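The following paragraphs examine one region of a protein model. Please read them alongside the sequence and the coordinates.

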Amino acid sequence: MDLEGKHVVYVADCGGIAYETCKVLVTKKIAKLAILHSIENPQAIAQLQALNPKTQIFFWKFDFTMTRSEMQRYFDDVMTQMDYIDILVNGSTLCKEQDVDATININLAAPINIITCVLPYMDKSTEMGRGGMIVNINSVTGLDPSPVFCVYSAAKFGVLGFTRSLAHPIYYDKTGVAVMAICCGPTKTFIRHTMKAFLEYGQEYVDKLKGAPCQETAVCARNIVRAIEMGSNGQIWLADNDRLDIVKPQLYWQMSEELIEYMER
């Protein structure tokens, strides 16, 4: 996808991977960028604007724990500024193993609710929609289980399941909205946070992570944008250091021919 002139909505924070990704996006000459997050960061917004004064940048303070109906009112307001949406980037993340509800809500429930709110604006079968792309920023712990971040990993596995389900042709052929996921390896920003293992037996492993060699957020951000430019419906990408590869999930179960015939009647 050629990003020049596109209208992008990025739901995440203004630091770390999200900020670095937005920096790359504005250099691609996107026309509009809407950022939604719970913490205001005027300095970051000003720095993004300075990179490309021609890109219109908007910010909304956003609570990821809102109900879907409350979120809808936010996105109704976003549409008054954006006119239409070409790309939705879901980048919310939280790794707090001792707060199961928050970790599941921020990493899984919130992206699902956000997509549910935004998809009608993008659906080409509606008057407002032009088709486009939904990008779920995920984690490598959604590809392979984490022995210490068990709740976080469970949520990220859920994101991949939702992504793959929503990318099915029964939706894509009608909406024209491609859905893909980018699974990022650990970044230096992520491991600097104070984190606890799900069970105390894993804490020693978590503590060692602080000194582990991890990718810079800027490197990860460049790969995220590359994946968006090259990506298509249903793809899952792995972005870790200089590595950017397509992941092909293995199918363990498929409908029988008899069941397929029944469903197609």
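This is a predicted model: local features need pLDDT of at least 70, side-chain atom pairs count only at pLDDT 80 or more; totals for chains, interfaces and linings use all residues.

How many nonpolar, polar and charged residues are in the lining of the largest cavity?

Strand β4 comprises residues 87-90. In a regular strand, side chains alternate between the two faces of the sheet. Accordingly, Ile87 and Val89 point one way from β4, whereas Leu88 and Asn90 point the other way. All four of these residues are buried, that is, under 20% relative accessible area.

Strand β4 has parallel pairings with two strands. With β1 (residues 7-11), β4 pairs in the parallel sense over 4 bridges, and Asn90 is the bridge partner of Val11. With β5 (residues 132-139), the pairing of β4 is again parallel, over 4 bridges; here the bridge partner of Asn90 is Asn136. Between β4 and β5 the chain passes through helix α4 (residues 100-122), and this β-α-β crossover is right-handed.

Asn90 and Asn136 also belong to the lining of the largest cavity. The count of cavities of 30 Å³ or more comes to 1, and the largest has a volume of about 40 Å³.

The opening question can now be answered: by class, the lining of the largest cavity has 3 nonpolar, 5 polar and 1 charged residues.

How values were computed. Residues are numbered from 1 along each chain as its sequence is written. Side-chain values use heavy atoms; hydrogens and water are left out. Buried means under 20% relative accessible area, exposed over 50%, partly exposed in between (1.4 Å probe, protein chains only). Two strands pair if DSSP finds at least two bridges between them. A crossover is right-handed if, with the strands pointing away from the viewer, the path from the first strand over the helix to the second runs clockwise. On a 1 Å grid over the protein atoms alone, a cavity is a set of points where a 1.4 Å probe fits but cannot get out, and a pocket is an open set with protein on both sides within 12 Å along at least five of seven lines; lining residues have an atom within 4 Å of a point. Grid points are joined across faces, edges and corners, and a volume is the space filled by probe spheres set on the points. Ala, Val, Leu, Ile, Met, Phe, Trp, Tyr, Cys and Pro count as nonpolar, Asp, Glu, Lys and Arg as charged, and the others, Gly among them, as polar.
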